[in-house]
Amino acid sequence: MASRWRLFIKKRGSRRTGARWPGLLAEGALSAGLLVTGAYGLYWLIARVLVSDSETSAWWPWLAIVIPLALIGYGATNLLLLLWQTATSTERRAAAVQKATTWELPGAQMKSTRPALPAVPPIDALTDSPGVRLAYRLPIDAASGWVSFTMAAVCLIWNSLVAVFVVQIVRQHVEGEPNWLLTWLMVPFVLAGLWTLFALGRQVLFNLAMGTTCVEVSDHPLFPGRIYRGFVSQTGRLHVRWFQMQLVCEEQAVYQQGTDTRRDTHRVFRTTVFSQRKFEITPQQAFQTEFDFTVPEHAMHSFVAPHNAVVWSLVARGRMVTWGDFERRFPVYVYPSSALQPQALPPFAVAGSRGL
Amino acid sequence: MTRDAIRLTLDSPTARYQAGERMSGRYLVDGAHGFGVRSAEFSVLWYTAGKGEEDMAVHHFERLVDETTRPLDLRVPRRFATVLPASPLSYDGHIVKVCWCVRLRLFLSQGQETVTEVPFQLDSIQTTPRSD
């Protein structure tokens, strides 16, 4: 069947609907065009303005020189990258990147004494916080903090814009020249603004009522097939319907859909390691408990690459009488069992960076 | 040149290796094709498959170039060996897969190139589960 022209379809990833060379040619022509434009702009600026107009000593041509220089830099870099990508294979480029990661830069921090595991996240960032009850306190996943921040930003920007229009409309009404069309048009915008204020207020109250969740583990990193001790502490003023601690493993994939970057997540493992129903948490008496959990024997280790990841977490989740459901994540790292026998392994460099 | 002319084989018949294990094998190009190769790149690498964009990293890389002083004759079998790393282990997930392979890329005199690869499994060293 003959392929049809598909102009308005969003392609997944790096798939192509046509040959490779027209794209390379177009990219090369664009980069060369930018380079030539930048070079001509620089020549024109120096020869026609800076040299001939030197007596007037205007300052702006010196500032404007940034524009052609940026074009030259961008065009030249793109051309070199294109040549490198065209002339070399994927493996050769990846090997060059791999080799570059082994260079020791002067003044750079010394490598960790722990065995380096390619494509496995380094543990040092997670083990620098000792726990009160157990060996390590786990940091909370940063995503939960971003919810409040995003809500606050949206609320502030939306209501600031709406306020400008509302002030204008109110002024028109006060002056006896009301614009009723604009007034009625503003109603849904004002309602949306009020809703963002309500949602933000609820989020702030939720954060205040929920207090803090603290999770600690007896050892870190975790290894498949081993049993570990965990500790969770929950503060706040809450009537809890149910509260659970879960060990969760998720696959994460980032891909391009047309010009959009999308992320997909798939949960591949979940087990409840602690569960309790119907209890109270008061500001005077935080909820605290210890629990045991086992990492499955044939579990995939934590894996991180620029576009793909396997992520393990301890998740505190529950349902409160007033505030509904909540979920807080605490990433943990599962290392492969082979990391337990470092003497059996070769001295390899950290990999995982994309060499494309 | 067809892919059938390229022979890339691993010494292990099961193509399963454990982290830290030595992997070896050999490659050659059959008949008259073996002499028309401008350069050859042999690599041991992992790449991701599945829903996300492809990530890849090379663990071992060799590049052989046809020179007047040292002509490249791939009709003679060439052996390779490397000690495999501790990670990432082979993984067949739902939207993320980690695949290991040995790959031979040949650049021919006419400007064409041909690629052959042999997949293998990298598994973890089995340990006895115990509690802390």
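**Briefing: a predicted model of chains A and B**

Of the 132 residues of chain B, 52% count as buried, where buried means under 20% relative accessible area, exposed over 50%, and partly exposed in between (1.4 Å probe, protein chains only). In chain A, 36% of the 356 residues are buried. This is a predicted model: local features need pLDDT of at least 70, side-chain atom pairs count only at pLDDT 80 or more, and totals for chains, interfaces and linings use all residues. Residues are numbered from 1 along each chain as its sequence is written, chains are lettered from A and ligands numbered from 1 in the order in which they are written, and side-chain values use heavy atoms, without hydrogens and water.

**Confidence**

- The predictor gives the complex an ipTM of 0.87 and a pTM of 0.78.
- Chain B averages a pLDDT of 87, and 89% of its residues score at least 70; pLDDT is the predictor's confidence in each residue, from 0 to 100.
- Residues 127-132 of chain B have a pLDDT below 50. Beyond near neighbours in sequence, this stretch makes 14 contacts in the model; contact means heavy atoms within 4.5 Å.
- Where pLDDT is low, the predicted coordinates should not be read in detail.

**Chain make-up**

- Chain A has six helices and nine strands. Helices (H or I, at least four residues) and strands (E, at least two) are DSSP runs, numbered from the N terminus.
- Chain B has zero helices and nine strands.
- In chain A, 72% of the contacts with a separation of 6 or more are between residues 24 or more positions apart.
- In chain B, 67% of the contacts between residues at least 6 apart in sequence join residues at least 24 apart.
- Chain A exposes about 21800 Å², with 63% supplied by carbon and sulfur atoms. Accessible areas come from the Shrake-Rupley method with a 1.4 Å probe; for residues, only the protein chains shown count as cover.
- The accessible surface of chain B is about 6400 Å², and carbon and sulfur atoms hold 47% of it.

**Helix 4 of chain A**

- Helix 4 covers residues 90-101, and its 12 residues should span 16 Å at 1.5 Å a residue. The expected span is 1.5 Å times one less than the number of residues. The end C-alpha atoms are 17 Å apart, which agrees.
- Its buried residues are A:Glu91, A:Arg93, A:Ala94, A:Ala95 and A:Gln98.
- The cover over these residues includes helix 3 (66-87) of chain A. It also includes strand 4 (37-50), strand 5 (56-65) and strand 8 (96-108) of chain B.

**Strands 4 and 5 of chain B**

- These two strands pair in the antiparallel sense over nine bridges; strands pair if DSSP finds at least two bridges between them.
- They form a hairpin with five residues between them.
- B:Tyr47 has B:Met56, in strand 5, as its bridge partner.
- B:Ser39 sits in strand 4. B:Ser39 is buried, with a relative accessible area of 4%.
- Leaving aside neighbours within four places in sequence, B:Ser39 touches residues including B:Arg63, B:Leu64, B:Leu72 and B:Phe107.

**Nonpolar cores**

- The largest nonpolar core has 82 residues. Such a core is a set of buried Ala, Val, Leu, Ile, Met, Phe, Trp, Tyr and Cys residues joined through side-chain atoms within 4.5 Å.
- Those with the most contacts inside it are A:Phe243, A:Met245, A:Leu314, B:Val102 and B:Phe120.
- Apart from it lies another core, of seven residues, among them A:Ala94, B:Tyr47, B:Met56 and B:Cys101.
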